[in-house]
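This report describes selected local features of one model. The sequence and structure are shown first.

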Amino acid sequence: MPRILVTNDDGVYSEGLHALADALRSIGDVFVVAPLGEASAIGHALTIARPLRLERLREGVYSVDGTPADCVNLGVVHVLMGLPDLVVSGINKGYNLGDDVTYSGTVGGALEGALLGTPGIAVSLERTSDPFDFGPAAAATERIAAQVLRHGLPSRTLLNLNVPRGVPKGVKVTVQGMRNHVTQVAASMDPRGRPYYWIEEGEDTYADGERADHVAVREGYVSVTPLQPDLTAHAALAIVEKLV
Ligand code: MN
């Protein structure tokens with residue numbers, strides 16, 4: 001059986017993590033190594049200024065008091081004692097679309113897998129006020145994960161899956177869309193009379209784009225975007241050559 005390392009950024013007690021792990025157990029040996037607490041919007045961060053604790057919660061389920069990228073590293077070195085065949089991160093409560101992938105701890109976990117030489121998959125489900133139904137997202141991920149295990153991915157590549165609520169109409173391969181970026185910072189006063197600030201989720205106004213991830217999910221499809229760690233703006237190379 002292939003070995004699958006599962007992590008997330010909502011924490012080791014998130015239902016989405018265990019729905020994902022349960023679905024993947026039909027196609028591989030699953031090892032869950034996930035943050036002890038909430039690590040959303042922590043991106044690809046590594047914890048380097050303090051020690052980390054790895055705790056075994058039960059057979060095949062471990063927590064790390066760190067980030068998703070920490071979990072992948074500790075999982076590879078101290079749980080699996082080697083690279084897995086696949087790293088899967090999620091199921092996140094809420095989309096990771098467009099520019100938001102740069103903040104996403106869910107994507108950060110899968111990205112760390114890709115950097116270490118293992119195919120990575122990040123999966124996120126549309127946020128709802130109702131209890132989340134992870135079933136369709138877990139099933140879609142299991143199917144795509146089986147394909148990746150069978151056929152592989154180009155090196156240093158991860159897949160970013162976003163799944164709309166309900167039963168998806170199908171799957172669309174997409175590109176990372178763009179958001180008209182508005183970060184809101186609320187200001188208020190603490191009980192001791194000192195101001196505090198709280199960064200709120202920006203407005204979800206996405207720029208139109210052919211093949212964009214947010215268009216696919218809005219139309220009811222699972223969006224699958226191949227991502228890579230190379231952030232080079234290749235189209236800007238010639239311009240910057242002239243600039244410097
Ligand atoms: Mn999250």
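## A charge over a ring

A charge is taken to sit over a ring if NZ of Lys or CZ of Arg is within 6 Å of the ring centre and within 35 degrees of the ring normal. In this structure the charged end of Lys 172 lies over the ring of Tyr 221, at 4.3 Å from its centre.

## Basis of the model

The model is predicted: local features need pLDDT of at least 70, side-chain atom pairs count only at pLDDT 80 or more, and totals for chains, interfaces and linings use all residues. Residues are numbered from 1 along each chain as its sequence is written, and side-chain values use heavy atoms, with hydrogens and water left out.

## The manganese site

Donors are N, O and S atoms within 2.8 Å of the metal (3.2 Å for Na, K and Ca); water is not among the atoms, so sites may look incomplete. The manganese ion is coordinated at 2.1 to 2.3 Å by Asp 9 (OD), Asp 10 (OD), Ser 40 (OG) and Asn 92 (OD1). The sequence spacing of these donor residues is D-D-x29-S-x51-N. Asp 10 belongs to the loop between strand 1 (3-7) and helix 1, and Ser 40 to the loop between strand 2 (29-35) and strand 3 (54-58), so the pair ties together parts that are 30 residues apart in sequence. Helices (H or I, at least four residues) and strands (E, at least two) are DSSP runs, numbered from the N terminus.

Buried denotes under 20% relative accessible area, exposed over 50%, and partly exposed in between (1.4 Å probe, protein chains only). Asp 10 is buried, at 15% relative accessible area, whereas Ser 40 is partly exposed at 33%.

In helix 1 (residues 15-24), 7 of the 10 residues are buried, including Leu 17, Leu 20 and Leu 24.

Helix 3 (residues 105-116) is also mostly covered, with 10 of its 12 residues buried. The helix reaches 17 Å from its first C-alpha to its last, close to the 16 Å expected at 1.5 Å a residue, where the expected span is 1.5 Å times one less than the number of residues. Its buried residues pack against several elements, among them strand 1, helix 2 (68-79) and strand 13 (222-227); contact means heavy atoms within 4.5 Å. At its start, a side-chain oxygen of Ser 104 comes to within 3.1 Å of the backbone nitrogen of Thr 106. Gly 117, with a positive phi near 105°, follows helix 3.

## Ser 223 and its surroundings

Ser 223 lies in strand 13 and is buried, at 0% relative accessibility. Its side chain makes a polar contact of 2.8 Å with the side chain of Thr 174. A polar contact is a pair of N or O atoms within 3.5 Å; within protein, one must be able to donate a hydrogen and the other to accept it, and residues adjacent in sequence count only if both atoms are side-chain atoms. Beyond neighbours within four places in sequence, the residues in contact with Ser 223 include Asn 160, Lys 172 and Asp 213.

## Backbone exceptions

Most residues other than glycine have a negative phi, and most peptide bonds are trans. The bond joining Gly 90 and Ile 91 is cis, with omega about -5°, and Ile 91 is placed in strand 5.

Ala 41 has a positive phi near 60° and is exposed at 60% relative accessibility. Arg 211 has a positive phi of about 70° and is exposed, with a relative accessible area of 54%.
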